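Biologist: I would like to learn how to read a structure. Please take me through it feature by feature.

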Amino acid sequence: MSDVLARLVAELEAGTIRVVDLTQPLGPDTVVIDLPPMFAPSNGVTIEQISRYDEAGPGWYWNNLSFGEHTGTHFDAPRHWITGREEEAGTTDTIPVRRFVGPACVIDIEAQVEVDADFLLTPEQLELWEETHGRVPGDAWVLLRTGWSRRSGKEAFLNVGEDGPHSPGFHPDTSYMLAHDRGVLGVGVETVGTDAGQAGAFEPPFPNHAVMHGAGKFGLASLCNLDQLPATGAVVIAAPLKIVDGSGSPLRVIALAPA
Ligand code: MN
C-alpha cells in the first residue's frame, strides 16, 4: 500500500505543500472572447438570485447561473474543435478523470511578452527550457507564464487593435511538438484562449486549438498565479464540470506545490 497519500495530508497540514489557486473569479465582470461579427458570440456571466433568506426562500440563498462553456478560467475538451470532433472520450463527461491530474511544467516568458504582446513560444525556446529543467514528461500540463493575468478590464485583457487582438501564445510548431513528441495532457495559458491573439490569421487558423484537440489534448485558459509555481515539481488538478456532451467548462484549477 502506498504511504504517499498519508504523507500528502501531513505535508498539507504542515504547510510544506501549498495549494495554489490558478483560477480567476467568475462573475458578471468576467471578460469573454470577442469573435469577428460574422460568428455567434458566447454569453457573458449572468448570476440571477433565486432567494436570499427572504420570502422567495426564507432559510436559504442560491442563484441561477448562465454563461458559455468557454468563460473565465475554463477547460477546452478535444471536441471543442472540429479537428477533435471524432475524438473518443472527447467531451467533459467522457474524459477519464485520471487525465485531469498531471505534473506542471511552467514556462516563464513574462520578460519577452513585456516587450512583444504577440510573442510566440518557439520549439527552440522550449528546448532551451528543457536544457535547464529537463524534458517535458508525457501527460504533463504545460503552462505558459506570461503575466497576462495581471491585466484587468476588457480593454487590457483582450488588447484589441485595429488589426485584431494582440496576446501571446504558442508557435504552431511548438503546439505540434508538445502534442505529438512530448505527449502532454494539454496546455494552459493566462490569456482568454489557448491561441495567440493574432492566431486567426495563422495557417491553419488557431493552430494550438487545431493541433491540441486534433491529438485529443486539452486546453486551460485564463489561468492566474502561475508565478507562484516552480518551473517543475507542482501537480495540477483541472477537472471540468461533467456537462453532458460538453465542449468545455469553467472550473477551479488548483496546483499542489512545494512550499
Ligand atoms: Mn475555450
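Modeller: Begin with the salt bridge, which is a side-chain nitrogen of Lys or Arg within 4 Å of a carboxyl oxygen of Asp or Glu. The structure holds seven of them. It is a predicted model, in which local features need pLDDT of at least 70 and side-chain atom pairs count only at pLDDT 80 or more, while totals for chains, interfaces and linings use all residues. Residues are numbered from 1 along each chain as its sequence is written, and side-chain values use heavy atoms, with hydrogens and water left out.

Biologist: Are Lys 154 and Asp 34 buried, partly exposed or exposed?

Modeller: Buried means under 20% relative accessible area, exposed means over 50%, and partly exposed is in between (1.4 Å probe, protein chains only). Lys 154, at 46%, is partly exposed, and Asp 34, at 44%, is partly exposed too.

Biologist: Where do Glu 110 and Arg 150 lie?

Modeller: These two side chains form a salt bridge of 2.8 Å, N to O. Glu 110 belongs to helix α2 (residues 110–115) and Arg 150 to the loop between β7 and α4, so parts 40 residues apart in sequence are tied together. Glu 110 is buried at 13%, whereas Arg 150 is exposed at 55%.

Biologist: Which helices hold Glu 130 and Arg 182?

Modeller: The closest N and O atoms of that salt bridge are 2.8 Å apart. Glu 130 sits in helix α3 (residues 123–133) and Arg 182 in helix α5 (residues 172–182), so the pair links parts 52 residues apart in sequence. Both residues are buried. Salt bridges can also share partners: Asp 108, Glu 110, Arg 145 and Arg 150 are joined into one network in this way.

Biologist: Which residues are the protein donors of the manganese ion?

Modeller: Donors are N, O and S atoms within 2.8 Å of the metal (3.2 Å for Na, K and Ca); water is not among the atoms, so sites may look incomplete. Here the protein donors are His 70 (ND1), His 74 (NE2) and Asp 76 (OD), at 2.1 to 2.3 Å from the ion. Their spacing in sequence is H-x3-H-x1-D. His 74 is buried at 4%, and Asp 76 is buried at 2%.

Biologist: What does the side chain of Ser 149 join in a polar contact?

Modeller: A polar contact is a pair of N or O atoms within 3.5 Å; within protein, one must be able to donate a hydrogen and the other to accept it, and residues adjacent in sequence count only if both atoms are side-chain atoms. Ser 149, in the loop between β7 (141–145) and α4 (154–158), has such a contact of 2.7 Å with the side chain of Glu 190. Plain contact means heavy atoms within 4.5 Å. Leaving aside neighbours within four places in sequence, Ser 149 is in contact with Gln 24, Glu 190, Leu 223, Cys 224 and Asn 225.

Biologist: Where is His 166 found?

Modeller: His 166 is in the loop between β9 and β10, and it is buried at 15%. A polar contact of 2.7 Å joins its side chain to that of Asp 118. Not counting residues up to four places away in sequence, His 166 touches several residues, including Ala 117, Trp 148, Leu 158 and Gln 198.

Biologist: How many residues of helix α6 are buried?

Modeller: Seven of the eight residues of α6 (residues 207–214) are buried, so this helix is largely enclosed by the rest of the structure. Among the buried ones are Pro 207, His 209 and Met 212. Their cover includes β4, β10 (169–170), α5, β11 (186–189) and β12 (218–221). Just after α6, Gly 216 takes a positive phi of about 80 degrees.

Biologist: How far apart are Pro 123 and Thr 174 in sequence and in space?

Modeller: They are 51 residues apart in sequence and 4.8 Å apart in space, C-alpha to C-alpha. Pro 123 is in helix α3 and is buried at 13%. Beyond four places in sequence, its contacts are His 171, Asp 173, Thr 174 and Met 177.

Definitions and conventions. Helices (H or I, at least four residues) and strands (E, at least two) are DSSP runs, numbered from the N terminus.
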